[in-house]
Amino acid sequence: MKVSKAIGKRAKPLAVEGKSPPTAGLRQRKQQATRERLTRAAMALFRERGFEATTIDDIAAKAEMSRRSFFHYFASKEDVVAAWQEDAAAALVAEILARPADESMLTAAENAIAAAVKRVDPAEATAMSRLKRDNPALHARDQLKYEKLERALADGLAQRAKSKSDMAKARLVAMIATGAMRVGGDSWMGEGAREKPEVFVKRTFDAIRGILK
């Protein structure tokens, strides 16, 4: 009897260490979907009414959520804009990591940026530019965005590095690429965002290579 009891105990399934319950992944996906729904609702209202005229209650109502739910994900309207920008930066880094290993860092940055901007809605980008231009708080955050973007790009490019000199090169290329996005983006907007953004990216990087020769 004692042996059979011992065998029965051994037969009991053991918990696998380090493995998250399936519900954890589902909960995370739901939270991300809710965050994206709030962001889309906010951006649509900002474009339609303007940043100042849009209230947090307006955003929550459009997303079919409560005001309390909004504050569970964002502390302010400015945070929604920052999240939109951070998502764009994360997508850009993912594009860099997906580039072929035989591409130079500058070419990888160029192709990643060109791929990322293909998903940009010109009307939304133009509206965002106006929002940041007309709102001092958003304008200040926009400057910080480029600092964060440069660090994110450097981290992504550093993962392609094979030596210490490559690590330093990653930082330099990130700085150049961020500057290209900043100057190129301003020029693209200034010209009415008529040209396809990926074409504008190519022209900007061609200009960079001409300077570096």
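Phe70 has a relative accessibility of 0% and therefore counts as buried (buried is under 20% relative accessible area, exposed over 50% and partly exposed in between, with a 1.4 Å probe and protein chains only). The model is predicted, so that local features need pLDDT of at least 70 and side-chain atom pairs count only at pLDDT 80 or more, while totals for chains, interfaces and linings use all residues. Residues are numbered from 1 along each chain as its sequence is written, and side-chain values use heavy atoms, with hydrogens and water left out.

Aromatic rings of Phe, Tyr and Trp (its six-membered ring) are paired if their centres lie within 6.5 Å; planes under 30 degrees apart count as stacked, over 60 as edge-to-face and the rest as tilted. Under this rule there are three aromatic pairs. In one of them, the ring centres of Phe70 and Phe71 are 5.5 Å apart and the planes stand at 90 degrees, so this pair is edge-to-face. Phe71 counts as partly exposed because its relative accessibility is 36%. The rings of Phe70 and Phe74 have a centre separation of 5.8 Å and planes at 45 degrees, so this pair is tilted. Phe70 and Phe74 are both buried. Through ring pairs, Phe70, Phe71 and Phe74 form a cluster.

Charged side chains also sit over rings (NZ of Lys or CZ of Arg within 6 Å of the ring centre and within 35 degrees of the ring normal). Lys77 lies over the face of Phe51, 4.5 Å from the ring centre, and Arg203 lies over the face of Phe200 at 4.8 Å from the ring centre.

The protein chain contains ten helices and zero strands (DSSP runs numbered from the N terminus, with helices being H or I of at least four residues and strands E of at least two). Of its 213 residues, 35% count as buried. Among contacts (heavy atoms within 4.5 Å) with a separation of 6 or more, 66% are between residues 24 or more positions apart.

Tyr73 is located in helix 4 and is partly exposed, with a relative accessible area of 25%. Leaving out residues up to four places away in sequence, Tyr73 touches Gln31, Thr34, Arg35 and Leu38. Glu64 belongs to the loop between helix 3 (56-62) and helix 4 (67-73). Glu64 is exposed, at a relative accessible area of 70%, and has a positive phi of about 60 degrees although it is not a glycine. Most residues other than glycine have a negative phi.

The axes of helix 6 (residues 105-117) and helix 10 (residues 197-212) come within 8 Å and cross at roughly 160 degrees; axes are lines fitted to C-alpha atoms, for helices over the stretch in contact, and angles run from 0 to 180 degrees between N-to-C directions. The crossing of helix 6 and helix 10 is right-handed (the near helix is turned clockwise from the far one by less than a right angle, and anticlockwise if left-handed). Residues of helix 6 including Leu106, Ile113 and Val117 meet residues of helix 10 including Val201, Phe205 and Leu212.

Thr178 lies in helix 9 (residues 164-190) and is buried, with a relative accessible area of 4%. Apart from neighbours within four places in sequence, Thr178 contacts Tyr146, Leu149, Glu150 and Leu153.
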